[in-house]
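Here are some short notes to read beside the model. Please check each point against the coordinates.

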Amino acid sequence: KFRAGGRGYAVPPPPCSSFSPQYPGNDQRYGKYLKDLRFSVSESLIRSIEQKEISIHRKLPKSESLKDCMDRTIPYFTETIMPESVEKGKRVLISSSENAIRGLLMHLCEIPEDKISGLEIPNGLPLIYDLNSKCIKLLDDGSGEDPLEKYNFGASAPYLFRPCTLPDGSLSDECDINFMSDGNDLTEKEIDIIANIRMPSKV
C-alpha cells in the first residue's frame, strides 16, 4: 500500500494535516500567487480559531497522486510548452519536482500505469529528451563511468532508454546511451553498437 500510494499512478499517499510543514497551505507563496482555487470554509475556520482573527484560506490538496499531478502538468506541456517553444525550434529546460518529472516521462516515453512505480529519477541528473529519436539521452560527465550503472533508474528504466531511432528507422548518431535490454535477446549488431557508445573505439 505504501508503494502504491507513494510511487504508484492513481493511488494518493495518506493526506497530511492542516498544520503539517508538507501542507502547501502553510507556504506563503501559495497564498500569495494562487488565485484560481476556491476558498475553503473548513480551512478558513481552523485558521481563524488558531489565529484568533478572521483568516481566509483557499482549498489546497493535502495529498496528490501521480495522476493528479499529471492532470495539471501534462495539459500545460502539450498546450503551452509544445506550441510556444518546442514547435518553434526552441530548447526547453524543465526543472521541477520528481513527481512532475516522472509524470512527464510517463507521457513522453509511454510508460504503462502498472510500471511507473518502478521508475526512479536520480536527483539533479539532467535528462535530455530527443523529440526526433524519441529517447532519453544523458550528458557525459567525464567520469568514464557507465551512467546506467552509476545511477539508479529503477526497474522501469528500459522504457526510458529505448532504441534511439530517427523517423526513417536509422539510429541516431547523437545518442550517447542507446538502450537497455527489456529481457529480450539483443542481436550482435545491437551489442556492438551499445559497446561502442559506452566505450568508443580509438581510431
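1. Start with Phe 153. Its relative accessible area is 3%, so the residue is buried. Bear in mind throughout that this is a predicted model.

2. Phe 161 is buried as well, at 0% relative accessibility. The rings of Phe 153 and Phe 161 have centres 5.1 Å apart. Their planes meet at 80°; because over 60 degrees counts as edge-to-face, the pair is put in that class. The count of aromatic pairs by this rule is 1.

3. Now the hairpin. Strand 1 (residues 127-130) pairs with strand 2 in the antiparallel sense, over 4 bridges. Asp 130 lies opposite Cys 135 of strand 2. Between the two strands there are 4 residues. In this hairpin, Lys 134 has a positive phi near 55°.

4. Is strand 2 (residues 135-138) covered on one face or on both? Both faces are covered. Cys 135 and Lys 137 are buried on one side. Ile 136 and Leu 138 are buried on the other. Please look at Lys 137 in particular, a lysine listed among these buried residues.

5. Turn to the surface. Phe 39, Ile 54 and Ile 56 make a nonpolar patch of about 360 Å². Ile 56 belongs to the loop between helix 3 (41-51) and helix 4 (66-84). With a relative accessible area of 54%, Ile 56 is exposed, because the cut-off for that term is over 50%.

6. Lys 62 places its charged end over the ring of Tyr 23. The distance to the ring centre is 5.6 Å.

Definitions and conventions. Residues are numbered from 1 along each chain as its sequence is written. This is a predicted model: local features need pLDDT of at least 70, side-chain atom pairs count only at pLDDT 80 or more; totals for chains, interfaces and linings use all residues. Side-chain values use heavy atoms; hydrogens and water are left out. Buried means under 20% relative accessible area, exposed over 50%, partly exposed in between (1.4 Å probe, protein chains only). Two strands pair if DSSP finds at least two bridges between them. Patches are made of residues with over 30% relative accessible area and no salt bridge: like charges are joined within 9 Å, nonpolar side chains (Val, Leu, Ile, Met, Phe, Trp, Tyr) within 5 Å. Accessible areas come from the Shrake-Rupley method with a 1.4 Å probe; for residues, only the protein chains shown count as cover. A salt bridge is a side-chain nitrogen of Lys or Arg within 4 Å of a carboxyl oxygen of Asp or Glu. Rings of Phe, Tyr and Trp (its six-membered ring) pair if their centres lie within 6.5 Å; planes under 30 degrees apart count as stacked, over 60 as edge-to-face and the rest as tilted. A charge sits over a ring if NZ of Lys or CZ of Arg is within 6 Å of the ring centre and within 35 degrees of the ring normal.
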